[in-house]
Amino acid sequence: MGWVGRWKNQYGSVLNVTEDADGRIAGTFKTALLESGFYGTEIAVCGTHLGHCISFAFTASTVGGDLLCSYSGLLRGDRLNTVWHVISDGQLDPEARITERAWPHAVTTNAETFLREP
């Protein structure tokens with residue numbers, strides 16, 4: 001099973017895997033979600049896989065501070081079921097300055113399902 005291809009989740013975000021060799025993947029990710037700090041940018045992705053298990057991550061420096069997103073997933077049939085975590089280092093204060101985000105509010109997590117596009 002190869003990972004190369006275009007994978008789209010239920011919100012329209014796209015993982016494009018362009019390289020798959022020796023248990024590693026590379027490619028890009030582009031979110032479709034307007035409220036995401038990653039919105040509007042196609043971001044380089046790197047990751048690892050073994051069998052039907054995969055993990056990939058990407059980072060960005062944004063107007064609201066630095067962000068990191070990591071996905072972990074399991075392929076079942078044609079569905080890549082994933083969970084993700086976003087770590088947000090900063091937040092904008094009322095004067096639009098970046099301030100450090102407290103740890104309890106720095107992590108967001110959720111689940112998404114990707115399907116490989118033909």
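Colleague: Are Phe-29 and Tyr-71 buried or exposed?

Modeller: Both Phe-29 and Tyr-71 are buried, where buried means under 20% relative accessible area, exposed over 50% and partly exposed in between (1.4 Å probe, protein chains only). This is a predicted model, in which local features need pLDDT of at least 70, side-chain atom pairs count only at pLDDT 80 or more, and totals for chains, interfaces and linings use all residues. Residues are numbered from 1 along each chain as its sequence is written, and side-chain values use heavy atoms, with hydrogens and water left out.

Colleague: How many aromatic pairs are there?

Modeller: The count is 7 aromatic pairs, taking rings of Phe, Tyr and Trp (its six-membered ring) with centres within 6.5 Å; planes under 30 degrees apart are stacked, over 60 edge-to-face, and the rest tilted.

Colleague: Why is the pair of Phe-29 and Tyr-71 called tilted?

Modeller: Their ring centres are 5.6 Å apart and their planes stand at 45°, so the pair is tilted.

Colleague: And what does that pair tie together?

Modeller: Phe-29 lies in strand β3 (residues 24-30) and Tyr-71 in strand β6 (residues 65-76), so the pair ties together parts 42 residues apart in sequence. Strands here are DSSP runs (E, at least two residues), numbered from the N terminus.

Colleague: What is Phe-58 in contact with, leaving aside neighbours within four places in sequence?

Modeller: Among them are Phe-29, Phe-38, Leu-67 and Tyr-71, contact being heavy atoms within 4.5 Å.

Technical notes:
Helices (H or I, at least four residues) and strands (E, at least two) are DSSP runs, numbered from the N terminus.
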